[in-house]
Structures are given as structure tokens and as C-alpha cells.
Amino acid sequence: MEETQLDVLNGDSDIESEMQASIDSFRERSRSYSRWSPVDEGVTLAWNNLTIYAKIKKRGITNYKRIINDMSGAVKAGSLVALMGASGAGKSTLMSVLGYRNSAKLVVEGDMIINGRKIDDYMKYLSGYMHQEDMFIPYLTVLEHMTIMANLKLDRRLTRDDKRQKILNILTELGLLKCLHSKIGGTDQNKALSGGEKKRLAFATEILIDPPLLFCDEPTTGLDSYSAQKLVGIMSKMASERTTIVCTIHQPSMDIFSMFTQLILIADGRTAYIGATSKAIEFFQNLGYTCPSTYSPADYFIKILASPPGQEDSSRQTIKRICDQYAVSDYAKEIDVVVQYEFHMGRAVVPRRFELRSNFKEIHWHSKLYWLVYRWTLEVMRNPTIELTRVLQRVGTAILIGFCYFGTNPYTQNGVQSVQGVIFMLVTENTFHPMYSVLSEFPENTPIFIREYKSGLYHPATYYLSRILSMLPGFILEPVIFISLAYWLTGLQRTFDAFALTTTVIILTMNVASACGIMFSNAFESVPTALAYLVPFDYILMITSGIFIKLSTLTNVFDYLKYLSWFMYSTESLSIVQWKGITNITCENQQQGLPCLKDGTEVLEKYNFTQDNLARDMINMIFLMIAFYLLGYLFLCYRTKRK
Ligand SMILES: Nc1ncnc2c1ncn2[C@@H]1O[C@H](COP(=O)(O)OP(=O)(O)OP(=O)(O)O)[C@@H](O)[C@H]1O
């Protein structure tokens, strides 16, 4: 069957013999079409009439910018491919689309297949993707990072020792063993690994699962020539073991360039050349571009295909001529045969068996949750600017409030005002502080999440839950530290029950406020936009708290909005704890004619608070917290889809 279809494709051509040789060599390594199992048989990637546009929205109008223009090509199993072109030619865009990791802002037309099967969600599990920009949790060590990634990515049946051995083997090969216990570090003064070491670590992370298809966006940028050569050498070895590797690369040395078996040159979004690396010099020579002996061929090709400022028109003409010449060349025909063959077989032969990861057991979601919570907890604990500063700030504020209201006697008219003032401070401190902190903290890891989610590592719900769980100890510990200091310094009720109830209400207040902050941080693209909406929301909270206006006098929409105000629930419940059952408030020193509150019931009535509402207020806060978390999750899913 394969014979006949190939014969049809071959036809009569003057380049028949050369193409036949190419097909023969391809067939030699070709796979069984009765099953689809790229992991065992290697990956042949083909794309046909691929056009990619970027959606650009400006003042409500969507425009489309064409980045890739009607490209076709193929990469055979076990190839090491250099994807090259001048800066801005469209390499990263093409690679992200081929790797199924493209942004939702790109519109893709055309077909892409892996071993005859349309590229789909399965690419997450079939391919590794090393991005141009590294993204790590800076506070983790190399070993911690690799251990977490191994536990998220590898077969759950592997033992701890197997995983550790695999990690050590990879790190040894990449020369990272000496950094095993070094912190990865960020881009600032906390920098610990060098740029090149981070590149190698990113590569190590991707090859953990031995993917049969690997995309690397500028893997050698930032590496010294020895490390770059070593890295490409490792890739070359992987390719010889049937891994298909596509790499964008800038200015490779002669030695590195010669290790690539295939070259794809793109210019202005078109194909300038696809074929064997060794034949590229010949192609350009035939067009009259002879590479001087002093030049590296790679540099020379890019020089011809670049558009230097001031020479855009002539460069565009040159690029057009080269791309047009390539389209009618034997090199293009050779690739076209493979493309047509792949698409034809994909349509003609329906594999009986699809095997992607037949012998692979993914880790359970709760184990993923465990490793993610572990990762974020390490981050929180190791980041002094987050935890320590926050705790110190809370201690400082508690002491300040404590001294301001120190020695208050609550059983006088002035004392009533002071106690309500302390309550306001407690609620405010446990509302605005956590809400604004999480607003900026929560989105910090969203880019890492989006990247890992696109790689199929975990579900958004697992990420969301893991982030909340890792923050939860702080959401409990912080208010406990705060209230333990502030409560006893101020003149609040000196009973354990009142203290315990106040602590519970304050913990609830902080948690519902944090949930609200998390919801806002997920609802908006950026922190400044979220802030712009959160500030008016704060005013609604304050107005409906019952401190500044009698709740019974609230009109229209505010009368309903008060049910969303945990500020009101919290203030009411703390007031009930302080005033319920109090009967001995004195009117001493009260000026003649001014009203005097004689007991707790009168105090609560003054603010329109109801004595029996304590349980209702606490339950409502729990419901509000759950509702904010759920809404935050929906916003996260919505934004993830749009990325
Ligand atoms: N989402 C997008 N919106 C608008 N323009 C985009 C978008 N993505 C890519 N582009 C544009 O498409 C062109 C190609 O970008 P791409 O990043 O693919 O180039 P590249 O060849 O990888 O460049 P470099 O080597 O500098 O990384 C650039 O002009 C870039 O500005």
C-alpha cells in the first residue's frame, strides 16, 4: 500500500532520482502506519500552508498582523534542526505554534501534523519546550527545583531514588552538579545562578521526561562557547537516539552549526531555505551569494536575510528573490515530497492503535497538589520580604494601636467610643493590609502557572488551591500574632471567651479580605487596573460598616450592598462580643443634655447592631469567603484561556 501511494506522489520529474533517494532514506527510518506511537517510533513533524497572524486590538478595533506567510515544511524523526532568521523574522512565533504553546493572541491557519495526526492537546505530553525567557522560583535550590519537577512530570511508579538518580545524571551531563544546592536566584541582586546556568537548568527541566520532540528557543544564548558546544553536543546525541529537536539559534560557531542536520531559514515570515545544513551553502551560491571564507555560513545567511535600518527596500527585494527562488528549487521540492507524503499517509491510513503514553502513569492530582503547596510554601518561607516583613509590620501596628488605647476603661462614655475605635482599627488592619498584599503577591506566579499549564503539568484548580493552601498558614498566624498583642494592650473585655471569639472573627475577617484580594487579582490583567477598581470597593465597605452611618438609614443599592460587606459583619460581631451583657456603663463626666449609653444593648442599638447576629455574621463571612474564592477561580480560568 505504501508503495502505490508513493508512486502516485513521485510522478515523472526531472529530479526524480534525487527525490527517490530522499524518499528511500526517509522510508528507511519510517514508521509503521498501523499504529500511532511517536514515543516509540520518533516524531516526524510536518506543516502545510501555515499562516500565522497576531491579533492586535487598538481602541476597540482588532487588526491582524501577518507574521508567518504560507509556510510548508517537515522535520524528520531524529533530526537536529536549526531554525534561523534575523531578529523579528518570526522564529519564536513559528516554533510556539508548532509546539502547540502559542498565545491565544495568534490566529493560525493551515495544517500541522505529527506522524500523520493533527497536532492537538497531546503535544503537551509529547514535547518539551524550552522558552526564550527562563522562569523559575528564585528561592528554590537547583535540587529542590528539579525534585519538584521530577515529581510533577515523571511516572508515579518511579521510586524516590530512581528520580534522584535521573536528576543527578542530567545535572552531571549539563555541568550543573556544582550548583546542586545553590539558589536559582532572580534577575536582581538575589541572582545566584548565572544566565548560562539557568539556561542549562531550563534545558534539564525539559529533558526530564525524555520527550521524543523537543523545542528550544535560543538555548545557547548567554552560554560561553564551550558550554554552548557541549549543550548542542548533548542535543546531537539525543537526536541520534531518535529525538526530534528544533532549535532557534543566533550566531552559532562553525562547530556548533555543523552539528545541526537540518536548517530552516525564515525571512519576513517566508521560507528562505529548508533542507540539509550541508547543502545551504550550495543553495545560496547558486543564487550568487558565495559565503566568504572568513565568514561563518550561519552569520552569512542571516546577514543576507537581515533588513538593516535605511536599507529596508533593497533588503525586502533580496529576501523576496531568495524566497521565490527557494519555492521553485529542488530543495523545496524535496521537502514538499515529504510534506505531501506525510499528509497523504495521515489521510489515507487510519492507525488501528493510538499510543501516546501507554506505559505511563501520571501522578495523582493530590500528589501534584502536595508538590505545588510544597513549592509555594518554600517560596513564602524563604522570601524575607514577604513573611518576615509582614509579621514585623503586624507586630508594630499591634503595639501602636495597643499604646494608643492603653488603659481604656470601657465602662464610661469615652470608653465606649474608644472600644468602638479599637474595633474599627482591628477590622481595618485585617481587611486592607491582607487585601492589598495578596493583590500583588498572588499574580506573581501566574506567568509560571500559565507556562506549566500549557505544558500539561497540572490543572488550574490544582494551582489555585495550592496557592491558597500555601498562603493559609500566614492568613491564620498573622491575625493571631496581631490580636494577641493588640487585644491585651487595649481596654477590651478581659475574658478568655471574648478573646477567643475576637480572634476567630479577626481570622475570618483576614481570610475573607484575602479571598476578595485574590478575586480582584485574578479578575484584572494588571495590579494597577485591579487597584483602580478595588479603591471604590473599599469605600463601599467602609460606608456599609455601620460605623460612619446608621445602617437603617442606608438607601437604595447600599442597603443591599451591606450584605456583601464583611466590614459590617466583622464590626457587628466584634461589637456584640464586647457589649453583649454589659450593664454598668457610667454617665459620669457626661455633659448635661448629651445622650448617655447605660448598657451594652444601648451601645449596639446606637449602631443598629443586633445582639443575636453573632453566629449569622460569622457564617456570612464564611459564605462570602467561599464566593470570592470561587469567583477568583472562574476569573483565573477565563484569563488562562485568553493567554
Ligand atoms: N502577539 C503579538 N502581537 C503583535 N506582534 C507580534 C506578536 N507576536 C509576535 N509579534 C511580532 O512578530 C514578529 C516576529 O516575532 P518573533 O518573536 O517570532 O521573532 P523572532 O524571529 O523570534 O525574533 P528574535 O530572534 O528577536 O527573538 C515581531 O515583529 C513581533 O513583534
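What share of the contacts in the protein with a separation of 6 or more is accounted for by residues 24 or more positions apart? The share is 77%, where two residues are in contact if their C-beta atoms, placed from the backbone, lie within 7 Å. The model is predicted: local features need pLDDT of at least 70 and side-chain atom pairs count only at pLDDT 80 or more, while totals for chains, interfaces and linings use all residues. Residues are numbered from 1 along each chain as its sequence is written.

The protein contains 25 helices and 12 strands (DSSP runs numbered from the N terminus; helices are H or I with at least four residues, strands E with at least two). Its radius of gyration, taken over C-alpha atoms, is 33 Å, well over the 26 Å given by the globule rule for 643 residues, so the protein is more spread out than a compact globule. That rule is 2.2 Å times the number of residues to the power 0.38. Along the principal axes, the C-alpha atoms fill a box of roughly 115 × 55 × 55 Å.

Of the 643 residues, 39% are buried (20 or more other C-beta atoms within 10 Å of the residue's own; exposed means 12 or fewer, partly exposed in between). The largest nonpolar core has 153 residues, of which Val 81, Leu 265 and Ala 272 touch the most other members; such a core is a set of buried Ala, Val, Leu, Ile, Met, Phe, Trp, Tyr and Cys residues joined through C-beta atoms within 7 Å. Helix 20 gives the most to this core, 11 residues. Not counting residues up to four places away in sequence, Ala 272 touches residues including Leu 305, Ile 319 and Tyr 326.

Helix 20 spans residues 496-523, and the loop between helix 19 (460-489) and helix 20 holds Arg 494. Arg 494 counts as exposed because it has 10 C-beta neighbours inside 10 Å. Its C-alpha atom is separated by 9.8 Å from that of Gln 578, 84 residues apart along the chain. An unreviewed UniProt entry lists residues 496-518, 530-549 and 618-638 as "transmembrane region"; such annotations may be inferred rather than shown by experiment. Residues 496-518 are 100% helix, with end C-alpha atoms 33 Å apart, and residues 618-638 are 100% helix, with end C-alpha atoms 30 Å apart.

The ligand is surrounded by 14 residues, the closest being Ala 54, Ser 87, Lys 91, Ser 92 and Thr 93 (C-beta atom, placed from the backbone, within 6 Å). Strand 2 (45-58), strand 3 (61-75) and helix 4 (91-98) each give two or more residues to this shell, and helix 4 provides the largest share, three residues.
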